[in-house]
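Reader: Please take a close look at the aromatic rings here. How do they pair, and what do the pairs join?

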Amino acid sequence: MRKDITVKFPVRITKFKQHDLLKDKLLNAINSQEVGISRIHDEENDVTRCDWGIVTWDKRQRDWVDIISSDLYDHIMNWCIMNDYDRYHINEIWFQQYIKGGHHAWHVHGSNFTNVYYLDLPKDSPKTQWKDLLGNEGEFDVEEGDIITFPSWLKHKSPENNSSEMKTIISWNMDVLLEERY
């Protein structure tokens, strides 16, 4: 006989300290960025614009990555220290944009953790919703400038954008490691 044990999943919402300083620069670079996929549009998804096709951490290919990389490295390292991890590795990083009506269906990611930085979250824009393995559902209580970090196995989605303004997020998947301790 199986017995499920309820374990709360780790979620950390942190402020990106350089948000006010970098927001306009990042948006300008993202809006002029060549994209790998101009639009993900199918029966379940309508992502207006993203650069998922160029997901490597290669600053030479994407100006916006160069703009954020140093401050993001510091932010993630502080997150690792706060959570008692020794190292991290970013496996992919990309942006996604949603115009009115845009949305992203339930999905999961690879790696240990998924991160979402709310670069531009206009009023009436949706916040990320989640669903755990037991069917519990909720919405992350975030605001513009927040970075949310959660386990990559957690089902999540971006509901339909009801704002007439563009919503822009930066997302990345990362693995965390502990040094061997004896």
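Author: Trp64 is buried, and Phe95 is buried too (under 20% relative accessible area; exposed is over 50%, partly exposed in between; 1.4 Å probe, protein chains only). The model is predicted, so local features need pLDDT of at least 70, side-chain atom pairs count only at pLDDT 80 or more, and totals for chains, interfaces and linings use all residues. Residues are numbered from 1 along each chain as its sequence is written, and side-chain values use heavy atoms, without hydrogens and water.

Now the pairs. The structure holds seven aromatic pairs (Phe, Tyr or six-membered Trp rings with centres within 6.5 Å; planes under 30 degrees apart are stacked, over 60 edge-to-face, the rest tilted). Trp64 and Phe95 form one of them, edge-to-face, at 6.0 Å centre to centre and 80 degrees between the planes. Trp64 sits in helix H2 (residues 63–82) and Phe95 in strand E5 (residues 87–98), so this pair ties together parts 31 residues apart in sequence (DSSP runs numbered from the N terminus; helices are H or I, at least four residues, strands E, at least two).

Next, Trp79 and Phe113. Their ring centres are 5.1 Å apart and their planes at 75 degrees, so the pair is edge-to-face. Trp79 belongs to helix H2 and Phe113 to strand E7 (residues 113–120), so the parts tied together are 34 residues apart in sequence. Trp79 and Phe113 are both buried. Ring pairs also bring in Tyr85, linking Trp79, Tyr85 and Phe113 into a cluster.

Lys131 lies over the face of Trp106, 4.6 Å from the ring centre (NZ of Lys or CZ of Arg within 6 Å of the centre and within 35 degrees of the ring normal). Lys167 lies over the face of Tyr98, at 5.3 Å from the ring centre.
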